[in-house]
Amino acid sequence: MSTGTLIGSTAGIVAAAGAFAYAVRGRSSAVFGPSVYHGDRERPALALTFDDGPSESTPELLKILARHSVPATFFMCGENVQRLPAVAREVASAGHEIGNHTHSHPRLDFRTPEFIYREMAQAQETIQRHTNRTPRLFRAPYGVRWFGLRRAQQRLDLLGVMWSVIGNDWRWPADRVERLLVNRRRNGDIICLHDGRRTERSPDIHATLHAVQSAIPRILERGFRFETVSQILCPTK
Ligand SMILES: [Zn+2]
């Protein structure tokens with residue numbers, strides 16, 4: 001093999017690896033199943049989403065949202081719904097949307113289609129049993145999608161949802177998260193925050209609570225309204 005051919009094929013491999021990484025983790029990728037990451041860019045509406053709950057701190061978040069009549073979307077883990085069914089019901093009865101975030105929050109790459117389906121189906125059943133709601137939205141843990149997800153989404157009638165803004169609320173201080181929420185807004189943004197920490201008990205979500213509490217009135221003042229993910233995707237409903 002000549003040097004030129006070697007360099008050419010190495011570049012090819014690097015490009016293929018890049019394309020594959022995009023397919024697995026890219027927020028706009030729908031390679032492994034139908035997926036969205038933002039709503040209509042013409043309407044001044046935003047969707048707050050909270051992953052990994054419910055947790056012991058979720059009721060406090062519900063109070064903040066209720067104070068401003070802000071609807072949100074909660075991507076719940078089945079394990080946490082089992083652990084805190086009353087909190088999951090409280091989210092549902094406050095009128096928020098509930099999405100599926102798998103049962104135990106595994107990374108889905110290098111897993112079998114059966115494993116992926118079971119994780120999603122188990123969360124779907126647990127959420128239905130405890131909240132009487134059937135999720136229509138699915139968010140993959142860590143945003144990682146894989147072979148078999150498309151079929152699992154079809155069987156469970158779930159649409160994949162990524163995000164256009166990631167809040168970094170699990171690692172940033174509250175004031176930095178707040179600045180991100182207030183300053184980096186575009187019409188139709190789907191904002192990813194967390195009201196739990198995977199399956200951790202009693203997680204510290206103080207930064208999230210503080211940032212959301214301070215940012216909501218400032219965002220409303222700028223003329224945006226908040227909607228659930230389903231509302232932001234289908235404004236007529
Ligand atoms: Zn998660």
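Q: Where is P54 found?
A: P54 sits in the loop between β2 and α2. Keep in mind that this is a predicted model.

Q: What is the peptide bond from G53 to P54, cis or trans?
A: The G53 to P54 bond is cis. Its omega is near -5°. Most peptide bonds are trans.

Q: OK, the metal. Which residues coordinate the zinc ion?
A: D52 through OD, H101 through NE2 and H105 through NE2. The distances are 2.0 to 2.1 Å.

Q: And how are the donor residues spaced in sequence?
A: The spacing reads D-x48-H-x3-H.

Q: What parts does the pair D52 and H105 tie together?
A: D52 lies in strand β2, residues 45-53. H105 is in the loop between β4 (97-100) and α5 (113-131). The pair therefore ties together parts that are 53 residues apart in sequence.

Q: Are those two, D52 and H105, buried or exposed?
A: Both D52 and H105 are buried.

Q: Back to loops. Where is T102?
A: T102 is placed in the loop between β4 and α5.

Q: What about its phi, for T102?
A: T102 has a positive phi of about 70°, and T102 is not a glycine. Most residues other than glycine have a negative phi.

Q: Which other residue has a positive phi although it is not a glycine?
A: F110, with a phi of about 65°. F110 is found in the loop between β4 and α5.

Q: T102 first: buried or exposed?
A: T102 is buried, at a relative accessible area of 0%.

Q: And F110, buried or exposed?
A: F110 counts as exposed, because its relative accessibility is 71% and the cut-off for exposed is over 50%.

Q: Helices now. At what angle do α2 and α8 pack?
A: At about 0°. The axes of α2 (residues 58-67) and α8 (residues 206-221) are 10 Å apart. That makes α2 roughly parallel to α8.

Q: Which residues meet there, between α2 and α8?
A: From α2, E60, L61, I64, L65 and R67. From α8, L209, V212, Q213 and I216. By class, this contact of α2 with α8 has six nonpolar, one polar and two charged residues.

Q: How far apart are the axes of α5 and α6?
A: The α5 and α6 axes are 9 Å apart, and the packing angle is about 30°. Helix α6 covers residues 149-156.

Q: Why call α5 and α6 roughly parallel?
A: Angles under 35 degrees count as roughly parallel. The α5 and α6 angle is about 30°, so α5 and α6 are roughly parallel to each other.

Q: Which crossing is it, right-handed or left-handed, where α5 passes α6?
A: The crossing of α5 and α6 is right-handed.

Q: Which residues in α5 and α6 meet?
A: On the α5 side, I116, Y117, M120, A121 and Q124. On the α6 side, L149, A152, Q153, R155 and L156. By class, the contact of α5 with α6 has seven nonpolar, two polar and one charged residues.

Q: Last topic, G143. Where is G143 found?
A: In the loop between β5 (137-138) and α6.

Q: Is G143 buried or exposed?
A: G143 is buried, with a relative accessible area of 1%.

Q: What does G143 touch?
A: Leaving out residues up to four places away in sequence, G143 touches V24, R25, M162 and W163.

Q: How far apart are G143 and F224?
A: G143 and F224 are 26 Å apart in space, C-alpha to C-alpha. In sequence G143 and F224 are 81 residues apart.

Notes. Residues are numbered from 1 along each chain as its sequence is written. This is a predicted model: local features need pLDDT of at least 70, side-chain atom pairs count only at pLDDT 80 or more; totals for chains, interfaces and linings use all residues. Side-chain values use heavy atoms; hydrogens and water are left out. Donors are N, O and S atoms within 2.8 Å of the metal (3.2 Å for Na, K and Ca); water is not among the atoms, so sites may look incomplete. Helices (H or I, at least four residues) and strands (E, at least two) are DSSP runs, numbered from the N terminus. Buried means under 20% relative accessible area, exposed over 50%, partly exposed in between (1.4 Å probe, protein chains only). Axes are lines fitted to C-alpha atoms, for helices over the stretch in contact, and angles run from 0 to 180 degrees between N-to-C directions. Angles under 35 degrees count as roughly parallel, over 145 as roughly antiparallel, 65 to 115 as roughly perpendicular and the rest as oblique. Contact means heavy atoms within 4.5 Å. Ala, Val, Leu, Ile, Met, Phe, Trp, Tyr, Cys and Pro count as nonpolar, Asp, Glu, Lys and Arg as charged, and the others, Gly among them, as polar. A crossing is left-handed if the near helix is turned anticlockwise from the far one by less than a right angle, and right-handed if clockwise.
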